[in-house]
Amino acid sequence: MSTAIIDLRSDTVTQPSEQMRRAMASAEVGDDVYGEDPTINRLESRAAEIFGRQAAIFVPSGTMGNQIAIKLHTRPGQEILCEERGHIANWEMAMLAWFSGCMVRPIAAPQGILSWDLIAPKLAPPIYYVAPTGLIELENTHNMAGGTVTPENTMHDICARAHERKIPVHLDGARIFNAAAFLNRPVAELTKGFDSVMFCLSKGLGAPVGSLLVGGKEFIAEARSVRKALGGGMRQAGVLAAAGLIALEEGPKRLHEDHANVRLLAEGVAAIKGITIDLPTVQTNVVICDVSATGKTSAEIATALKAAGVLIGTVNPQLVRFVTHLNVTTAQCKQAVEKLAAICRA
Ligand SMILES: *Cc1c(COP(=O)(O)O)cnc(C)c1O
């Protein structure tokens, strides 16, 4: 394990803590397909409790959690409304078409933040020869819009108006705890309007593997069948849930540190000639910036930074992405800014 590398590609790269490794080593386990893994059962009931829901199910990835929810909320031939840069539309292998037989009707939203005003014109009219809107999906925080936060009232408003029209709403809350830290609000309050919520333990919360899908009792019972069908019955996965429990209890408490680090990074990078950042939109642990005026492509910048020991992500030829997490320090963020400045000067 190299400590010299500054890895700002994603908050998925975090290493499990010593406390997690100890908990994993001594986890009580059983066969979860028989519902007999006590550690998974504890994680699921704790997640349900924290989100103020009836039930939760542990899944190997956020993608599986989202896709199970989509399968249960829709039927083939329906449309799903989501923001055009959304994870389900771009990073989940077109699985909503493959597995659920649906299409995305994407909506472009400033900063990735949907509102009812943006959604309403995209709803299918109630005409028999038009594909019906089967689901509305929100992503909070919005990854590809740079970790932006959809405000609480906006979420409540969308859920209420969708429900008036009998349309379910799913939240891709991979980073909902980052939104909760930014808004200083409990996740249960923020997400109470949604029919289902997926969140990741494996991102900023620091677990090595796993996500949860939370919702009503019957919905989660059905989710258990779909998870099994997808090959997600994980037997003695209590070793993973043990780390997940620590992530769930301890992870949210320190997210403000990642947010402070991203702010420092963003302000430093914004001062580099040729790099553009919309600073007010930098709210959580992600920053996306435009490097095109440096005369270099995002790939050239990423390659040069890699040679200097800093790993970053590229979104497209113009945009690069930095993500902070528990394995990058404030000092390392400052170093990353200095190295990037040197590369852009050269
Ligand atoms: C990471 C992520 C997911 C799930 O990703 P997995 O790699 O499948 O765990 C879903 N939505 C968003 C917004 C994400 O960032």
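On a 1 Å grid over the protein atoms alone, a cavity is a set of points where a 1.4 Å probe fits but cannot get out; lining residues have an atom within 4 Å of a point. Gly112, Leu114, Leu138, Glu139, Thr150 and Ile158 line the largest cavity here. This is a predicted model, in which local features need pLDDT of at least 70, side-chain atom pairs count only at pLDDT 80 or more, and totals for chains, interfaces and linings use all residues. Residues are numbered from 1 along each chain as its sequence is written, and side-chain values use heavy atoms, with hydrogens and water left out.

**Cavities**

- Two cavities of 30 Å³ or more are counted. Grid points are joined across faces, edges and corners, and a volume is the space filled by probe spheres set on the points.
- The largest cavity holds about 40 Å³ of space. Its lining divides into three nonpolar, two polar and one charged residue. In this scheme Ala, Val, Leu, Ile, Met, Phe, Trp, Tyr, Cys and Pro count as nonpolar, Asp, Glu, Lys and Arg as charged, and the others, Gly among them, as polar.
- The second largest cavity holds about 30 Å³. Its lining includes Arg175, Lys203 and Leu255. By class, that lining has five nonpolar, two polar and two charged residues.

**Ligand site**

- The ligand is surrounded by 13 residues, and the closest are Gly62, Thr63, Asp172, Arg175 and Lys203.
- Two nonpolar, six polar and five charged residues make up the shell.
- Helix α3 (residues 62-73) gives the most to the shell, with three residues. Helices (H or I, at least four residues) and strands (E, at least two) are DSSP runs, numbered from the N terminus.
- Asp172 has a polar side-chain atom 2.6 Å from a nitrogen atom of the ligand. For Arg175, a polar side-chain atom lies 2.9 Å from a ligand oxygen atom. For Asn143, the distance from a polar side-chain atom to a ligand oxygen atom is 3.3 Å.
- The protein covers 84% of the 380 Å² of accessible area that the ligand has on its own. Areas come from the Shrake-Rupley method with a 1.4 Å probe; for residues, only the protein chains shown count as cover.
- Thr63 is found in helix α3. Thr63 is partly exposed, at 29% relative accessibility. Buried means under 20% relative accessible area, exposed over 50%, partly exposed in between (1.4 Å probe, protein chains only).
- Thr63 and Asp172 are 109 residues apart in sequence, with their C-alpha atoms 9.4 Å apart in space.

- Glu79 sits in strand β3 (residues 79-83). Glu79 is buried, with a relative accessible area of 8%. Its side chain makes a polar contact (N or O atoms within 3.5 Å, one able to donate a hydrogen and the other to accept it; residues adjacent in sequence count only if both atoms are side-chain atoms) with the side chain of Arg105, at 2.7 Å.
- Asn285 lies in the loop between α12 (255-270) and β9 (286-290). Asn285 is buried at 0% relative accessibility. The side chains of Asn285 and Asp11 make a polar contact at 2.9 Å.

**Backbone features**

- The peptide bond from Asn140 to Thr141 is cis, with omega near 0 degrees. Thr141 lies in the loop between β5 (133-139) and α7 (152-164).
- Ala94 has a positive phi, near 55 degrees, in a residue other than glycine. Ala94 is exposed, with a relative accessible area of 53%.
- Asn184, not a glycine, has a positive phi of about 55 degrees. Asn184 is exposed at 68% relative accessibility.

How values were computed: Near = heavy atom within 4 Å. 1 Å grid on protein atoms, 1.4 Å probe; cavity = no way out; pocket = protein on both sides within 12 Å on 5 of 7 lines; lining within 4 Å.
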